[in-house]
Amino acid sequence: MGYLLSLKNISLHYMLKQEKINILNNISLKIKKNERVSIIGESGSGKTSLLMIMAGLQRASDGLMVFENYNFTKIPEEQITEIRKSKIGMIFQDFYLIPNYSALENVMFPLEINKLINPKKKAIAILEELGLGKKINNLPSELSGGEQQRVAIARSISFNPEIILADEPTGNLDAKNSSIVIKILFDYSKRYQKSLVLVTHDENLAKKSDKIIRIKDGEIEDND
């Protein structure tokens with residue numbers, strides 16, 4: 001089984017009043033195709049920064065980041081953007097839906113960007129599969145938190161990405177909706193053989209993954 005994504009000796013730092021602030025230190029890891037991985041650690045440990053580097057939304061200060069055969073540490077931002085919009089699905093704790101777009105329009109958005117055929121038909125099918133068939137015309141403000149996150153998931157998987165990167169996707173949800181969201185993500189990953197990287201601080205949630213990467217103070221503490 002080949003590796004979809006690999007990081008080698010990745011570090012991230014910034015300067016604050018001539019003082020070097022280290023966020024990540026010498027991180028090396030690999031994600032296989034069709035592998036479910038949890039990144040776990042306390043708040044401020046560097047989990048989200050690591051996920052942003054994987055997504056190509058943050059440039060590492062040092063090291064090598066490769067997605068498929070693309071070296072994200074060297075190729076231009078424009079090329080990374082093109083790769084991300086067709087191959088990397090992102091899910092955030094705060095949903096980040098377009099407020100004046102309906103649920104349907106939010107899900108159609110990446111399909112239209114990627115110029116895929118029948119974007120409306122595909123978006124409706126995904127929303128119906130996630131139990132939102134009666135809410136397709138609702139604005140985000142007219143949806144519950146759990147429904148908004150399901151729309152965000154529908155948007156992230158609508159264009160059939162190779163990997164889903166989820167940053168605390170249940171952080172703003174109650175136990176019932178958290179369970180629904182996690183089941184959707186893991187079922188999708190397994191059914192379509194897509195990689196899933198889940199940032200969390202929840203040990204029980206992390207145990208559902210094939211592999212757990214523990215981060216502490218910007219370094220990999222353990223790799224189960």
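Buried means under 20% relative accessible area, exposed over 50%, and partly exposed in between (1.4 Å probe, protein chains only). By that rule Ser189 is buried, with a relative accessible area of 2%. This is a predicted model: local features need pLDDT of at least 70, side-chain atom pairs count only at pLDDT 80 or more, and totals for chains, interfaces and linings use all residues. Residues are numbered from 1 along each chain as its sequence is written, and side-chain values use heavy atoms, with hydrogens and water left out.

**Ser189 in α6**

- Ser189 sits in helix α6, residues 175–191. Helices (H or I, at least four residues) and strands (E, at least two) are DSSP runs, numbered from the N terminus.
- Leaving aside residues up to four places away in sequence, Ser189 touches Asn34, Arg36, Lys194, Ser195 and Leu196. Contact means heavy atoms within 4.5 Å.

**Helix α3 and its neighbours**

- Ala103, Leu104, Asn106, Val107, Met108, Pro110 and Leu111 of α3 are buried. The buried residues of α3 pack against α4 and α5 (145–157).
- Helix α3 (residues 103–113) packs on helix α4 (residues 119–129) at an angle of about 125°, with the axes 9 Å apart. That makes α3 oblique to α4.
- Axes are lines fitted to C-alpha atoms, for helices over the stretch in contact, and angles run from 0 to 180 degrees between N-to-C directions. Angles under 35 degrees count as roughly parallel, over 145 as roughly antiparallel, 65 to 115 as roughly perpendicular and the rest as oblique.
- The α3 side of the α4 contact is Ala103, Leu104, Val107, Met108, Leu111 and Glu112. The α4 side is Pro119, Lys120, Lys122, Ala123, Ile124 and Leu127.
- By class, the residues of the α3 contact with α4 are nine nonpolar, no polar and three charged. Ala, Val, Leu, Ile, Met, Phe, Trp, Tyr, Cys and Pro count as nonpolar, Asp, Glu, Lys and Arg as charged, and the others, Gly among them, as polar.
- The axes of α3 and α5 come within 7 Å and cross at roughly 25°. That makes α3 roughly parallel to α5.
- Ala103, Asn106, Val107 and Pro110 of α3 meet Val151, Ala154 and Arg155 of α5. This contact of α3 with α5 has five nonpolar, one polar and one charged residues.
- Lys115 follows α3 and has a positive phi, near 60°.

**The β2-β1-β4-β5 sheet**

- Four strands form an open sheet in the order β2-β1-β4-β5, with antiparallel pairing. β2 and β5 (70–71) stand at the edges, each with a single partner strand, so one side of each is left without a neighbour in the sheet.
- Strands β1 (residues 3–16) and β2 (residues 19–32) pair in the antiparallel sense over 10 bridges. Two strands pair if DSSP finds at least two bridges between them.
- Tyr3 has Lys32 in β2 as its bridge partner, and Leu12 stands opposite Leu24 in β2.
- β1 and β2 form a hairpin with two residues between them. Lys17, in the turn, has a positive phi of about 50°.

**Positive phi in two loops**

- Glu68 is in the loop between β4 (62–67) and β5. Its phi is near 50°, a positive value in a residue other than glycine. Glu68 is partly exposed, at 24% relative accessibility.
- Asp217 lies in the loop between β9 (211–216) and β10 (219–223). Its phi is near 50°, again positive in a residue other than glycine. Asp217 is exposed, with a relative accessible area of 59%.
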